[in-house]
Amino acid sequence: MQGTPINSFTYKPMDQIPDIYPFKRRLEELAANMAEPTFYSNPRKAADITREHQKLQKMIEEYEAFLKLEIEEAEAKALSKDSSADPDMLELALAELPQIEVRRLALKQSVLLSMIPPEATDSRNTVMEIRAGTGGEEAALFAAELTRCYQRYADDQGWKIQPMSSSPSDRGGFKEIIFLIIGTDVYKQLKFESGVHRVQRIPLTEANGRVHTSTVTVAVLPEAEEVDIHIDPQDLEITVTRASGPGGQGVNTTDSAVQIVHKPTGLIITCADERSQIKNKARAMTVLRSRLLKLKEDEEKARYAAERRNQIGSGDRSERIRTYSFPQNRVTDHRIGLTLYSLPQILEGALQPIITALQKADYEAKFAALTGQSYTPNRSSSDDE
């Protein structure tokens, strides 16, 4: 199962295209860089600049074609209103008008899409952290179900799962679980899953058949590379202890569990899933770098876009982004007002309709920002409060 490409969406036409001059200026800067004798001394940087240059060049060519079609459309409309026009020319103008408009709007949409800057982390592998929130053991059980849901979705996409850390609950759920998803455009697909997920159902332990509400928090972090984040070894407090819990005799009898405290931020990372102390330390550092990268990104986004939502909040029910209602067989994403009555299939990994709808809403919001329009996503009703 593959994701629906963004370019296949149909958007409402915008009133105007933003000023193209900054993009032309950037194209000239890139062309100057590419002309330098030392351009290919850094192959990775050269490849990035070349790709950006090609994208901007295509955008500007489409923009110029769009302007020509605007002129053609205006001339055809003027001709259609000219009572003295040659009948054959008038018929030709009227026949061409619909085709010109279709091509013009298609070019306009393509230019606007090109103007939306890609997020540098979209192509990254992803660290996913799932934690039980309010609801005790029931929340832990649902955390395990969400874990299976994301892992099945990853399998369908051809991605690989690498376990990093877990804390099982007494009844087979998870108090916390962290794993790395490796593949193409993982973060681009899963970044909107961050937040509080609320479940409404009758727990197996409920004798009176009452519906309980529990929450699980999900954090989606782009995997950080060592070049993204500089970590001073003196800022780390690393403790090695004996692993505990299930996992075999080898795990329980060696000092392999690693805890890393990042003193400037207070972040604490623990990894004990591997028998090797070296492997546990490497995985803990991966999680730490990813969390620090996410903190850095959030600070930058907050500086320029205060309206962006925080990732997971405190875990309170009122902060939920999505509700899974078992009595109604319903899944509702409250950010965009999407409701699907296919809860079992979604928990089996059929997340693509939700992911596609969230991506579409994100692009519509970015389109609105480009053109100076206001954008308000649909919100779900309060029938599930």
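**Helices, strands and turns**

Tutor: Start with helix α1, residues 21-34, and helix α2, residues 43-80: they pack at an angle of about 140°, and their axes lie 9 Å apart. This is a predicted model, so keep that in mind throughout. The angle here is about 140°. The two helices are therefore oblique to each other. The crossing also has a hand: α1 passes α2 in a left-handed crossing.

Which residues make the contact? From α1 come Phe23, Lys24, Arg26, Leu27, Leu30, Ala31, Asn33 and Met34. From α2 come Ile49, Thr50, Glu52, His53, Leu56, Gln57, Met59 and Ile60. Sort them by class and you get 9 nonpolar, 4 polar and 3 charged residues.

Now step back for a moment. The protein chain has 9 helices and 11 strands. It has 385 residues, and 42% of them count as buried. Look also at contacts in the chain with a separation of 6 or more: 66% of them are between residues 24 or more positions apart.

Next, the close look at a strand. Pick out β10, residues 330-333. In a regular strand the side chains alternate between the two faces of the sheet. Are the faces of β10 covered or open? Both are covered. Arg330 and Thr332 sit on one side, Val331 and Asp333 on the other, and all are buried.

Who are the partners of β10? Take β9 (residues 320-325) to begin with. It runs antiparallel to β10, and 4 bridges join them. Arg322 of this pairing stands opposite Asp333 in β10. The two strands form a hairpin with 4 residues between them. Find Asn329 in the loop between β9 and β10. Its phi is near 55°, a positive value in a residue other than glycine. Is Asn329 buried or partly exposed? It has a relative accessible area of 30%, so it counts as partly exposed.

Now turn to β11, residues 338-340. It is joined to β10 by 3 bridges, and the strands run antiparallel. Val331 has Leu340 as its bridge partner in β11. β10 and β11 also make a hairpin, again with 4 residues between the strands. In that turn, Gly337 has a positive phi of about 70°.

Elsewhere, one more residue deserves a glance. Asp185 lies in the loop between β3 (174-182) and α5 (186-190). It is not a glycine, yet its phi is positive, at about 55°. At 29% relative accessibility, Asp185 counts as partly exposed.

Finish with the other sheet. It is open, with 3 strands in the order β6-β7-β8 and antiparallel pairing. The edges are β6 (236-241) and β8 (267-271), each pairing on one side only. Neighbouring strands of this sheet are turned by 15° against each other on average, direction ignored. Strand β7, residues 257-262, is joined to β8 by 5 bridges. Which residue of β8 stands opposite Val261? Ile268 does.

Terms used:
Residues are numbered from 1 along each chain as its sequence is written. This is a predicted model: local features need pLDDT of at least 70, side-chain atom pairs count only at pLDDT 80 or more; totals for chains, interfaces and linings use all residues. Side-chain values use heavy atoms; hydrogens and water are left out. Axes are lines fitted to C-alpha atoms, for helices over the stretch in contact, and angles run from 0 to 180 degrees between N-to-C directions. Angles under 35 degrees count as roughly parallel, over 145 as roughly antiparallel, 65 to 115 as roughly perpendicular and the rest as oblique. A crossing is left-handed if the near helix is turned anticlockwise from the far one by less than a right angle, and right-handed if clockwise. Contact means heavy atoms within 4.5 Å. Ala, Val, Leu, Ile, Met, Phe, Trp, Tyr, Cys and Pro count as nonpolar, Asp, Glu, Lys and Arg as charged, and the others, Gly among them, as polar. Buried means under 20% relative accessible area, exposed over 50%, partly exposed in between (1.4 Å probe, protein chains only). Two strands pair if DSSP finds at least two bridges between them.
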